[in-house]
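Student: Hi! I'm new to this one, could we walk through it together?
Tutor: Happy to, here it is.

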Amino acid sequence: RLETNELNNMCFWTTDRYRLIFHLPNEIPTPLHDSKFALINEETTLKVAVTSFRAEKELRRYPADKRRCYFDDERKLKYFKSYTQTLCNFECLTNYTFGQCGCVKFSMPRTPEMEVCNVKDMKCYDKAFGDWPQQDSNSKGFDFPCNCLPPCVNIKYDFKTHSVSSPRLNYSGDICVVSVSWRDLRSSAGDRGAGGHGHGGSGRG
């Protein structure tokens, strides 16, 4: 049960809904994560399917671009201690935004010398967000080519929502009810490999 007095009316999309994001424990929520909405005065059922992937250690002899994933010690990020494909993409978006605007959004990772964008920069960073997926990873603003492949040991969340109006909520004030069910779909080891049918894929940028 989520109380609507926690909503921020300054955010245009939160006046009648909550945004639901599932992310890995070693990640922070980002605009790049898939999300669903739970509407006020409705009961929302959230069905989550969890799939794990693990590549065999023998695949280390293949280059990362062939096996389509990174082992833990193969790829380090500038702003995050842990590597995930989403954090890698978020770091690339941050670098691209800084290269285009000379500043980053307050919600982006940054070093002390990087300025935070203000209101006058809003159009610039909104445009950067819209343009970024089409940019070449070696263009201005990137410290390194993105090449954001998934980790070789990875967990993926797929989720669907279904919302229905509930008469009983009308007597409780403006609230939002969310119920969650889990389904664990564990894949076998070695589902990634050179020339195989793994779920890898290069990141945006």
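Tutor: We can go from the overall layout to a few single residues.

Student: Great. Before that, how should I read the numbers?
Tutor: This is a predicted model, where local features need pLDDT of at least 70 and side-chain atom pairs count only at pLDDT 80 or more, while totals for chains, interfaces and linings use all residues. Residues are numbered from 1 along each chain as its sequence is written, and side-chain values use heavy atoms, with hydrogens and water left out.

Student: How many helices and strands does the protein have?
Tutor: There are three helices and six strands. Helices (H or I, at least four residues) and strands (E, at least two) are DSSP runs, numbered from the N terminus.

Student: And in what order do the elements run from the N terminus?
Tutor: The order is β-β-β-β-α-α-α-β-β.

Student: What share of the residues is buried?
Tutor: Buried residues account for 39% of the 205 residues. Buried means under 20% relative accessible area, exposed means over 50%, and partly exposed is in between (1.4 Å probe, protein chains only).

Student: Changing topic: how many salt bridges are there?
Tutor: The whole structure has four. A salt bridge here is a side-chain nitrogen of Lys or Arg within 4 Å of a carboxyl oxygen of Asp or Glu.

Student: Which residue does Asp73 pair with?
Tutor: Asp73 pairs with Arg60, at 3.1 Å from N to O. Asp73 is in the loop between helix H1 (64-67) and helix H2 (85-101), and Arg60 is in the loop between strand E4 (42-54) and H1, so the pair ties together parts that are 13 residues apart in sequence. Arg60 is partly exposed, at 39% relative accessible area.

Student: What about Arg67, which residue is its partner?
Tutor: That is Glu74, with the closest N and O atoms 2.7 Å apart. Arg67 is buried at 2%, whereas Glu74 is partly exposed at 32%.

Student: Is Lys120 buried or exposed?
Tutor: Lys120 is exposed, with 68% relative accessibility. Its salt-bridge partner is Asp121, at 3.4 Å from N to O, and Asp121 is buried at 12%.

Student: Last one: what is phi like at Arg68?
Tutor: Phi is near 70 degrees there, a positive value in a residue other than glycine. Most residues other than glycine have a negative phi. Arg68 sits in the loop between H1 and H2. Asn147 also has a positive phi, about 45 degrees, and lies in the loop between helix H3 (122-131) and strand E5 (153-165).
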